[in-house]
Each structure stands twice: as C-alpha cells, then as structure tokens.
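Student: I have a new structure to read, and I would like to ask about it step by step. Can we go through it together?

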Amino acid sequence: MSNINRLILLGRIVKDIESRTFESGAVIYKFSLAVNRWDKKQNKEIADFFDVQTFSKLSPHLEKGMLIAIDGRMITNVYKNEQNETRKRYIVDANTVEICAKKKDNSESSQDNDLEGIDEQDLIGEEELPF
C-alpha cells in the first residue's frame, strides 16, 4: 500500500504574504492560515494555525483576511536551534490555492466585494467535503 500525504484546508490568511525570489526567477510565497474547528471539551470554536508555502501564480493577489482553500501536502523541516537541540517545523506545501471570499469588511462601503451576500457555509456543500 502506498503512503498518502495530502491536506485540504479552508481558512483565513492571518499575516501579510511574504515572498522570496530565487535566481531562477521562481517566487515562493509564505503565509499563515487560521482554520477554525469545534472543540468539544471547551464547547467553542478555536483556530489552528498553519504555516503555508506555495509557488502558486495566484499568490500575489492574496491578502490578509481572505478566505482561501488550499490543496497540498505536509512537509517537515528538521533543524538545530542555538542550544544545538534538534527541532522540527511542519509546513503546508500548497499545490493549489483558491480564493473563496475576499477580506471581511465591516464598513458599509463594501459594495465592491464580488462575493457580497454569500455566506461562507454556502461556498462548499457538505456533500462536497472529502470526509
């Protein structure tokens, strides 16, 4: 049986996008994604935060606060800290990035929002979820 390493996440960008251009001209984009989930023990919704990296051409259009869906895989970076202790950092390597909703705008001047009037729950039906 082969191994599977695949993540599908839907969440909001919580930090400004960072980019780095390589000598080859390729650009990697890095950001943090907050994904809400229900915690039964605390009886409330809490957020998990994921570090994401991608080469997606859509990335220059991403902004803090946008609701996005990503499809990718988890990678592990192993490194030594200043005390020479081995540490691991988990990063989502996103192959596909899709904008689901623009930033939340609480002001009344949000007329330019293309997705105005659409609830987040309406974007993906339960029958489309892979679990």
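Student: What is the mean pLDDT of the chain?

Tutor: This is a predicted model, and pLDDT is the predictor's confidence in each residue. In this chain, 79% of the residues reach 70 or more. The mean pLDDT of the chain is 83.

Student: Which element has the lowest mean pLDDT?

Tutor: Strand S1 has the highest mean pLDDT of the elements, at 96. At the other end, with a mean of 49, is helix H1, residues 120-123.

Student: Over which residues is the pLDDT below 50, and how many contacts does this stretch have beyond near neighbours in sequence?

Tutor: The stretch is residues 107-119. Where pLDDT is low, the predicted coordinates should not be read in detail. With that caution, the number of contacts in the model beyond near neighbours in sequence is eleven.

Student: What share of the residues counts as buried?

Tutor: The cut-off for buried is under 20% relative accessible area. The chain has 131 residues. The share that counts as buried is 30%.

Student: Which residues have the most contacts inside the largest nonpolar core?

Tutor: In soluble globular proteins, nonpolar side chains tend to be buried together. The largest nonpolar core here has 13 residues. Strands S1, S3, S5 and S6 each supply at least two residues of this core. Those with the most contacts inside the core are Ile13, Leu33, Val52, Leu62, Ile68 and Ile70.

Student: Which residues does leucine 62 contact, leaving aside its neighbours within four places in sequence?

Tutor: Leucine 62 is among the core residues with the most contacts inside the core. Leaving aside neighbours within four places in sequence, its partners are Ile13, Ile17, Phe31, Ile68, Val97 and Ile99.

Student: What share of the contacts between residues at least 6 apart in sequence joins residues at least 24 apart?

Tutor: A contact here means heavy atoms within 4.5 Å. Take the contacts in the chain between residues at least 6 apart in sequence. The share that joins residues at least 24 apart is 52%.

Student: How many salt bridges does the structure hold?

Tutor: Side chains of opposite charge can pair when their charged atoms come close. In all, the number of salt bridges in the structure is five.

Student: How many residues apart are aspartate 51 and arginine 89?

Tutor: These two form a salt bridge, with the closest N and O atoms 3.1 Å apart. Aspartate 51 is in strand S4, residues 44-54, and arginine 89 is in strand S6, residues 86-101. The pair links distant parts of the chain, 38 residues apart.

Student: Is aspartate 93 buried or exposed?

Tutor: The side chain of aspartate 93 meets that of arginine 73 in a salt bridge of 3.1 Å, N to O. Arginine 73 is partly exposed, at 39% relative accessibility. Aspartate 93 has 9%, and the cut-off is under 20%, so it counts as buried.

Student: Which residues are in contact with aspartate 93, leaving aside its neighbours within four places in sequence?

Tutor: Aspartate 93 lies in strand S6. Leaving aside neighbours within four places in sequence, its contacts are Gln53, Gly72, Arg73 and Ile75.

Student: What is the phi of asparagine 43?

Tutor: Asparagine 43 sits in the loop between strands S3 and S4. It is exposed, with a relative accessible area of 56%. Although asparagine 43 is not a glycine, its phi is positive, at about 55 degrees.

Student: Where does asparagine 84 lie?

Tutor: Asparagine 84 also has a positive phi, near 65 degrees, in a residue other than glycine. At 55% relative accessibility, asparagine 84 counts as exposed. Its place is the loop between S5 and S6.

Key
Residues numbered from 1 in each chain as written. Predicted model: local features only at pLDDT ≥ 70, side-chain atom pairs only at ≥ 80, totals over all residues. Heavy atoms only, no water. Salt bridge = Lys/Arg side-chain N within 4 Å of Asp/Glu carboxyl O. Helix = DSSP H or I, 4+ residues; strand = E, 2+ residues; numbered from the N terminus. Buried < 20%, exposed > 50% of the residue type's maximum accessible area, 1.4 Å probe, protein only. Core = buried A, V, L, I, M, F, W, Y, C linked by side-chain atoms within 4.5 Å. pLDDT = per-residue confidence, 0-100.
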